[in-house]
Amino acid sequence: MKHVMKIGLGVALSFMTLAQAAEADNFKLSNNQRIACSRGLSAGKLNTSTCKSYAYVFNTKTTEYFRCQVSLALTRDNKEVINVQADGSCARKPRIFDADSSYSFDATETEPPNTNSFFGPGGYAVWASDNNTLKVRGCIIISSGLGSDISKCIDMKFD
């Protein structure tokens, strides 16, 4: 388990360094990161633990954003760690607003399958607001289960 912690800390520091370097270019890291882990038993009394975490990097000027995911899989027996695999990448997502300005952003994801998602791996919600005017847009993106995501954004009305 110490290996998992060391690798996880290294990955987290890499993301923080990336976010700090990109901050000069109007990029901000979302405040709503999550981590989910699962465990499984394999033949021969092997234990496998897989952890996934995601974060969003947001361009505060253009509202273009990136969904980043990191994963780590650890396989061990009763005596030693046999295999550790890690992977991660960021996928570019479309702009939320068409015009450039100064924006704020946050995002959240559904839980893994078999909890509250109906199709595939579930989905996520993103919120963006204009820092200069009273303008907020909420978007929900879900997996259709047919290979493409369905995305709808709604401009909030203020009563």
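In what sense do strand 6 and strand 7 pair, and over how many bridges? In this predicted model, strand 6 (residues 103–109) pairs with strand 7 in the antiparallel sense, and the pairing extends over 7 bridges. Within this pairing, Glu109 stands opposite Tyr124 of strand 7. Strand 7 itself spans residues 123–130 and is mostly covered, with 6 of its 8 residues buried. Strand 7 also pairs with strand 8 (residues 136–143), again in the antiparallel sense and over 7 bridges. Here Ala125 is found opposite Ile140 of strand 8. Strands 7 and 8 form a hairpin, with 5 residues between them.

The structure holds 8 aromatic pairs. One of the pairs is formed by Phe58 and Phe105, which are stacked, with 4.4 Å from centre to centre and 10° between the planes. Phe58 belongs to strand 3 (residues 46–59) and Phe105 to strand 6, so the pair ties together parts that are 47 residues apart in sequence. Both Phe58 and Phe105 are buried. These two residues also belong to one aromatic cluster, together with Tyr54, Tyr56, Tyr65 and Tyr124. Tyr124, a member of this cluster, is the residue that stands opposite Glu109.

The disulfides were then considered. A disulfide is a covalent bond between the sulfur atoms of two cysteines.

Cys37 and Cys51 form a disulfide in which the sulfur atoms are 2.0 Å apart. The torsion about this S-S bond is about 110°, so the disulfide of Cys37 and Cys51 is right-handed. Because Cys37 lies in strand 2 (residues 34–42) and Cys51 in strand 3, the link ties together parts that are 14 residues apart in sequence. Cys51 has a relative accessible area of 11% and is buried.

A disulfide also joins Cys68 to Cys90, at an S to S distance of 2.0 Å. With 110° about the S-S bond, this link is right-handed. Cys68 lies in strand 4 (residues 65–76) and Cys90 in strand 5 (residues 81–93), so the pair ties together parts that are 22 residues apart in sequence. Cys68 is buried at 0% relative accessibility, whereas Cys90 is partly exposed at 38%.

Cys139 and Cys153 are likewise joined by a disulfide, with an S to S distance of 2.1 Å. The link is right-handed, with 110° about the S-S bond. The pair connects distant parts of the chain, namely strand 8, which holds Cys139, and strand 9 (residues 149–155), which holds Cys153, 14 residues apart. Cys139 is buried at 2% relative accessibility, while Cys153 is partly exposed at 37%.

How values were computed:
Residues numbered from 1 in each chain as written. Predicted model: local features only at pLDDT ≥ 70, side-chain atom pairs only at ≥ 80, totals over all residues. Heavy atoms only, no water. Buried < 20%, exposed > 50% of the residue type's maximum accessible area, 1.4 Å probe, protein only. Helix = DSSP H or I, 4+ residues; strand = E, 2+ residues; numbered from the N terminus. Pairing = 2+ DSSP bridges. Phe/Tyr/Trp six-rings, centres within 6.5 Å; stacked < 30°, edge-to-face > 60°. Disulfide = S-S within 2.5 Å.
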